[in-house]
Amino acid sequence: MNFLLTPGRGLSVALVALAVLFCGALPAAGASHAIAMHGDPLYPPDFAHFSYVNPEAPKGGSIVFGATGSFDSLNPFIVRGTAAIGLREHVFESLLARGYDEPFTLYGLLAETVEMPDDRSSVTFSLNPKAHFSDGKPVTADDVIYSLEALRGKGRPNYKTYYSKVEKIEKLGPRKVRFVFGAERDREIPLILGLMPIIPKHIYEKRDFGDAGFDTPIGSGPYFVENLQPGSRIVYRRDPDYWGAALPVNVGQNNIDRLTYEYFRDANASFEAFKTGIYHARPEDDPGRWTTGYDFPALRAGKVRKEIFESGMPSGMYALVFNTRRPVFADRRVREALIQLFNFEWVNRNLYYSAYVRTQSFFDNSELGSHGRKATARERALLAPFPGAVTPDIMANGWQAPNGDPAGQDRENRMRAVALLREAGFEVRDGRMTNAETGRPLTFEILVATPAEERLALTYARMAKRVGVEAAVRNVDPSQYQERRSNYQYDMIFNSWFSSLSPGNEQSFYWGSEAADVPGTRNYMGVKEPAVDAMIVAMLEARSREEFIAAVRAMDRVLLSGAYMIPLFHQPDQWLALWKKVKIPERTSLYGYRSSTWWIEEK
């Protein structure tokens, strides 16, 4: 039992000090089955399973998923190499498991219980005594400590960013560990620690954790790697001795015995393979293919079906990204002009069967987005120390995308673009947009790695050409593309950022100033904006959902005011094609469909 000791209750300050000396920091709450970022967990301590699973789903069968590209590593935790798909999801577990019916709540997995004081200055995890790795060794506090130190020391940059906030690690027993945080208050960090992958110390301390390669991964998850063909196939087998199968967070999940990821050269080769049944589940993101490409024999015969799922998730951001580290994009007026030149209405009609929706916020389709919303008093208070960080129009109503001409003329937007370029010191000479002072033409390169990107980039290049701007499109192989992207060696690229209903520490990795010059982050634009950094801090310190929403919307407004990218478009729903044997629960989660909840019926 935990007691809150206060001098005002007849206990002297000296006795309080002695109590702290012998008992440790004074806790404000007892052990819990779950923690939520804001508010209370949706599910009570005695819940049986999540609502979006079928608890009676049969076990067995096999499924093949499709992937494009290749892989050269079985280490998903480092920058070096390209890791095979599925390792983090199937092999390596976290202390806590996410519930996908709510914005951000975690429930017991490897950790049976979790404790933290009200100020979230520390978090304590008590491990489930049944938890063990696939080699039979128990999961201990030493494994948890090793995992944090290895990931912080040699893992991806985001791990270092997150876990550097841990100031002290206290081993409280063979299955109990406490992480104490520094003076910088971050109310999300206990949840981030809850999602930390746990790595067996007795295996990985004998390896060079920073090396890519094909050493067999060992974890505590429901699957292990059964076999692989480097670069082309990896097969996972359900562990019959998986320790956590009966936990509420796992009931109705991990139903399929064998999971195979088959790699293909490109999207076209992958689709042809799906049509013949080489693999069995295909998320679709090509509206042309979704609209006209599924008229093939297996679908007509009822062996394949198309499913559409609604999602409560924000749209995320798919965009053409300006690398502001390059002088050509240093002037915001130049970037704003180039945004004006993208004619979404023509592109959507002629390339995408009018299937897409224009993206106008990093958090479109959710309460977190600023589009169409006037800044609240709380937002304005957060932004007050940064005058000029948000433009007046975006403060008043969010970012409004230019209205393009479906017929392709788009004369008014071109005129606005030319006016902005003149303000930035450019003029047209011999049909080329030229810097009036240096005489250099306005040219840049769009780096692409797929045919779909190349087609859209060429379309945009033709739009830019109409005002004398020259955009060259360069298609490179995936490995070269990844290398150049990781080291910011490009003028412009396409990129997608996933958004959740509870954005947090990853936002520093996306657009924090410290990430701008660190290779391997996702700050591809090179944003160094104090207002963005401050809004991220406000998000992490928010104690209520209302405060949190205000901070996210304010950050959204700052990013959009900076004109760091050309926001493109998103699917209004999730599109998925499945072979008949793949079955799914009747209800989907707030986040959309979850493949871990599927099962197989061969007849």
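Contact here means heavy atoms within 4.5 Å. The model shown in these views is predicted.

**View 1. Ile446 in the largest nonpolar core.** Ile446 and Trp511 have the most contacts inside the largest nonpolar core, which has 103 residues. Helix α19 (residues 545-561) gives the most to this core, contributing 10 residues. Beyond its neighbours within four places in sequence, Ile446 touches Leu320, Ala457, Tyr460, Ala471, Ala472, Val473, Arg474, Met492 and Phe494.

View 2. Asn413, Arg414, Ala417, Val418, Leu420 and Leu421 of α14 are buried. These residues lie on the same side of α14, because the arc they cover around the axis is only 160°. Arg411, Glu412, Arg422 and Glu423 are exposed on the other side of α14. The cover over the buried residues of α14 includes α10 (332-340), β16 (426-429) and β17 (432-435). Gly425, which follows α14, has a positive phi, near 100°.

**View 3. The aromatic pair of Phe50 and Tyr107.** The structure holds 48 aromatic pairs. One of them, Phe50 with Tyr107, is edge-to-face, at 5.7 Å centre to centre and 70° between the planes. Phe50 is in the loop between β1 (34-36) and β2 (62-68), and Tyr107 is in strand β4 (residues 105-108); the pair thus links distant parts of the chain, 57 residues apart. Phe50 and Tyr107 are both buried.

**View 4. The aromatic pair of Trp290 and Trp575.** The ring centres of Trp290 and Trp575 are 5.7 Å apart and the planes are at 5°, so the pair is stacked; planes under 30 degrees apart count as such. Because Trp290 lies in helix α8 (residues 287-293) and Trp575 in strand β23 (residues 574-579), the pair ties together parts 285 residues apart in sequence. Trp290 is buried, at 8% relative accessible area, and Trp575 counts as buried at 7% relative accessibility.

**View 5. Arginine charges over aromatic rings.** The ring of Phe271 has the charged end of Arg289 over it, 5.0 Å from the ring centre. Arg325 lies over the face of Tyr488, 3.8 Å from the ring centre.

How values were computed: Residues are numbered from 1 along each chain as its sequence is written. This is a predicted model: local features need pLDDT of at least 70, side-chain atom pairs count only at pLDDT 80 or more; totals for chains, interfaces and linings use all residues. Side-chain values use heavy atoms; hydrogens and water are left out. A nonpolar core is a set of buried Ala, Val, Leu, Ile, Met, Phe, Trp, Tyr and Cys residues joined through side-chain atoms within 4.5 Å. Buried means under 20% relative accessible area, exposed over 50%, partly exposed in between (1.4 Å probe, protein chains only). Helices (H or I, at least four residues) and strands (E, at least two) are DSSP runs, numbered from the N terminus. The arc is that of the directions from the helix axis to the C-beta atoms. Rings of Phe, Tyr and Trp (its six-membered ring) pair if their centres lie within 6.5 Å; planes under 30 degrees apart count as stacked, over 60 as edge-to-face and the rest as tilted. A charge sits over a ring if NZ of Lys or CZ of Arg is within 6 Å of the ring centre and within 35 degrees of the ring normal.
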